Amino acid sequence: MQSVARFAWLTLAYNVAVIVWGAYVRATGSGAGCGNHWPLCDGDILPRAPKLQTLIEFLHRVTSVLALVMVASLLVWCWRKTSKGDWPRYSAVLAVILLFNEALLGALLVVRNHVAQDRSAAHALLLCLHFGNTLLLLASLALTARWLSSDDRLLAVTAKPRELFAIGIGLVAVMSIGITGSLAALGDAIFPAISLRSSLMQDLSSSSHHLLRLRLLHPVTVVLGAIYVLWIVRKNSGRQAHAPKALPFLISVLMLQIGLGVMNVILLAPVWLQIVHLLVGDLFWICLVFASADLVLETRSCRNLAQPKYLSALKRLPASLSPDSLSPFRLRRLPGS
C-alpha cells in the first residue's frame, strides 16, 4: 500500500506542475501555438519547423497526455490494492472523470479559437469552467493520496447538516477566488497595463472591457475565502487535538498568497510572479481541502477511540447481565410503596 500511496502523491505533484505550465501557456499567449487543431498540432502529430509558441503549447499537450496515463494507472492500481467500501476508490474514479472533462474543456478552447488574444465572453466562460474543474481535480487527487496513506480507509460523515452546508459554501467561495483570479490573469495578458495608476483607472472605468472590470471581483472573493479559512481554523482547533499542528501552515500559506497577490498588482503581473502565485494557490487549496475533510469525515478507528472502551463493552452485554442486574446494592421496590 505504501507504493500506491507514493505514486498517488507523485501523480498529484505532477498534475500541479502541468497546471502551472498551462498557466505559463496562457500568460505567454501560446495557446494558439498549434492552431485550432486538437489533439494534433497544426494537423501533424509532431510540429514541423515549430516556433517557440508552438513548442510551448505542444509540450503542454504532451505533459497533459502523460497526466492522463498516470491518473488512469492510479485508478487501476488503487482498485486492485483496496477493498470494497474504501473511499480512495471513489476519489480515484472521480479524478479520472474530472481529468477527461479537463481535456474536453481544453479542446473546446482550442477548437473554438478561444485562446491567446481572444476577448470574447465565451473565452472567459470556458476559462472559468476549466479552472473550476482543475480545482476539483486537485481535490480528488489530494484526497486519494491522503486516504491511501492512511491505515484506515473506511470513512464516515460525522459533520452536522449545518456544518456541511457551511463547508460547501466556503469551498465554493475559495474556488471563486481561483476562478476570478484566472479572469484577472486573462485581462492582464490581453490588456497589459503601463502603470499601476492606469491599471486601476481601467478597472473603475465603465468604458473598459468586461475582462478589466471583472478584475475587481477577485479581491472581494479573497475576503470571503479568508473568512472561511478562519472559520475552518477555529472549528478544527476546537475539535481535533492534532489539528493545531497543521493549521498554522494553512494560515501562513494564506498570508503568503495574499502578499503575492498584492505584489502581482503593484508589479503589473509579470509572468514569473503569476506562476508563483498560482503554485502557492494550488498548495493552499490542497491544504484547505484536507482541513475541510477533517471536519466532515472520521475514520473508523477515530470513531472507536472517541467512545470509551467500557461503553462499547456494555453495549454487547445481554439485558440479563446489565450493570443494574449485577449490582449487589440494587434497591428493591417494597410492597405497597
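**Helices, cores and a disulfide**

Guide: Helix 4 is mostly covered, since 22 of its 28 residues are buried, where buried means under 20% relative accessible area, exposed means over 50%, and partly exposed lies in between, with a 1.4 Å probe and protein chains only. This is a predicted model, in which local features need pLDDT of at least 70 and side-chain atom pairs count only at pLDDT 80 or more, while totals for chains, interfaces and linings use all residues. Residues are numbered from 1 along each chain as its sequence is written, and side-chain values use heavy atoms, with hydrogens and water left out.

Visitor: How many helices and strands are there in the protein?
Guide: Helices here are DSSP runs of H or I with at least four residues, strands are runs of E with at least two, and both are numbered from the N terminus. Counted in this way, the protein has 13 helices and two strands.

Visitor: What percentage of the residues of the protein count as buried?
Guide: The protein exposes about 18900 Å², of which carbon and sulfur atoms supply 69%, an area that comes from the Shrake-Rupley method with a 1.4 Å probe, where for residues only the protein chains shown count as cover. Taken over the 337 residues of the protein, the buried share is 44%.

Visitor: Is Thr134 buried or exposed?
Guide: Thr134 has its place in helix 4. Leaving aside neighbours within four places in sequence, Thr134 is in contact with Ile19 and Glu102, contact meaning heavy atoms within 4.5 Å. Its relative accessibility is 3%, and therefore Thr134 counts as buried.

Visitor: Which residues is Trp285 in contact with, leaving aside its neighbours within four places in sequence?
Guide: Trp285 is one of the residues that touch the most other members of the largest core. With those sequence neighbours left aside, the contacts of Trp285 are Leu135, Leu138, Ala139, Leu171, Val174 and Met175.

Visitor: Which cysteines form a disulfide?
Guide: The structure holds one disulfide, a term that stands for a pair of cysteine sulfur atoms within 2.5 Å. Cys34 is buried, with a relative accessible area of 0%, and Cys41 is buried as well, at 1%. The torsion about their S-S bond is about -80°, so the disulfide is left-handed. The sulfur atoms lie 2.1 Å apart, and the two cysteines are Cys34 and Cys41.

Visitor: What is the angle between the planes of Phe7 and Trp77?
Guide: The structure holds five aromatic pairs, in which rings of Phe, Tyr and Trp (its six-membered ring) have centres within 6.5 Å, with planes under 30 degrees apart counted as stacked, over 60 as edge-to-face and the rest as tilted. One of these pairs links distant parts of the chain, with Phe7 in helix 1 and Trp77 in helix 2, 70 residues apart. The rings of Phe7 and Trp77 are 5.6 Å centre to centre and count as tilted, with an angle between the planes of 45°.

Visitor: What is the phi of Leu268?
Guide: Most residues other than glycine have a negative phi. Leu268 lies in the loop between helix 9 and helix 10 and is partly exposed, with a relative accessible area of 31%. Although Leu268 is not a glycine, its phi is positive, at about 65°.

Definitions and conventions
Core = buried A, V, L, I, M, F, W, Y, C linked by side-chain atoms within 4.5 Å.
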